[in-house]
Amino acid sequence: MKDCELMALAEAARARSHSPYSNFRVGAALLTKSGKIYTGCNIENAAFSVTVCAERVALFKAVSEGESEFSAIAIVGGRTGETAPFCSPCGVCRQALAEFCPKDLKILLGNPEKFQAYTLEELLPYSFTEENL
Ligand code: THU
């Protein structure tokens, strides 16, 4: 799976975003080490705090299906009708990823035409994990 293909899947997942309150649509595509892909979109709620980000939807879909080894996640976001040049994952999603993914998880941010690769460790340095307990 090429990085640009994973970005395209994240972009496609945005179409299913339920974001009537923020009008900000996010899609994510999570790649397992075995090559399977789990996508997610943000799902908002009239009780705002119930909202779940696209990244966690993708991650929890995968974990609930028995997946535990991940190599990359692509994230694409932006206001309805637009694609932002860059949509950074929120702190809660970074922490959720840190529970299940290696420090060198590749995180692709941008849009399918232009994107940049980061690692989880770059985006969440000094993370709190089971090693700290
Ligand atoms: N959102 C995500 O889906 N992922 C992020 O990492 C950042 C924010 C969503 C949550 C909410 O539905 C909307 O974007 C605006 O915050």
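# Close-up views of the ligand shell and its surroundings

The model is predicted: local features need pLDDT of at least 70, side-chain atom pairs count only at pLDDT 80 or more, and totals for chains, interfaces and linings use all residues. Residues are numbered from 1 along each chain as its sequence is written, and side-chain values use heavy atoms, with hydrogens and water left out.

**View 1. The shell around the ligand.** A side-chain N or O atom of Glu55 is 2.7 Å from a ligand oxygen, a polar side-chain atom of Asn42 lies 2.9 Å from a ligand oxygen, and a backbone N or O atom of Ala54 lies 3.0 Å from a ligand oxygen. The ligand taken alone exposes 370 Å², and the protein buries 78% of that; accessible areas come from the Shrake-Rupley method with a 1.4 Å probe, and for residues only the protein chains shown count as cover.

View 2. Asn42, which lies in the loop between strand 2 and helix 2, is buried, with a relative accessible area of 6%; buried means under 20% relative accessible area, exposed over 50%, and partly exposed in between (1.4 Å probe, protein chains only). The side chain of Asn42 is joined to that of Ser17 by a polar contact of 2.7 Å, and the side chain of Asn42 also reaches the backbone nitrogen of Val26 at 2.9 Å. When neighbours within four places in sequence are left aside, the residues in contact with Asn42 (heavy atoms within 4.5 Å) include His18, Phe24, Cys53 and Ala54.

**View 3. Val26 in strand 1.** Val26 lies in strand 1 and counts as buried, at 9% relative accessibility. Beyond its neighbours within four places in sequence, Val26 is in contact with residues including Arg14, Gly40, Asn42, Ala54, Glu55, Ile75 and Cys87. Val26 and Val52 stand 26 residues apart in sequence, and their C-alpha atoms are 11 Å apart in space.

**View 4. Helix 2 and helix 3.** The buried residues of helix 2 are Ala54, Glu55, Arg56, Val57, Ala58, Leu59 and Ala62, and they pack against strand 1, strand 2 (37-41), strand 3 (70-79) and helix 3 (91-100). Helix 3 has as its buried residues Cys93, Arg94, Ala96, Leu97 and Ala98, which pack against helix 2, strand 3 and helix 4 (120-123). Helix 2 is followed by Gly66, whose phi is positive, near 100 degrees.

View 5. Most residues other than glycine have a negative phi. Asn23, in the loop between helix 1 (3-13) and strand 1, has a positive phi near 55 degrees and counts as partly exposed at 33% relative accessibility. Tyr126, in the segment after helix 4, has a positive phi near 50 degrees and counts as exposed at 85% relative accessibility.

**View 6. The protein around these sites.** The secondary structure comes to four helices and five strands, which follow the pattern α-β-β-α-β-α-β-β-α along the sequence. Buried residues make up 43% of the 133 residues, and of the contacts between residues at least 6 apart in sequence, 60% join residues at least 24 apart. The accessible surface of the protein comes to about 7200 Å², of which 54% belongs to carbon and sulfur atoms.

Note on methods:
A polar contact is a pair of N or O atoms within 3.5 Å; within protein, one must be able to donate a hydrogen and the other to accept it, and residues adjacent in sequence count only if both atoms are side-chain atoms. Helices (H or I, at least four residues) and strands (E, at least two) are DSSP runs, numbered from the N terminus.
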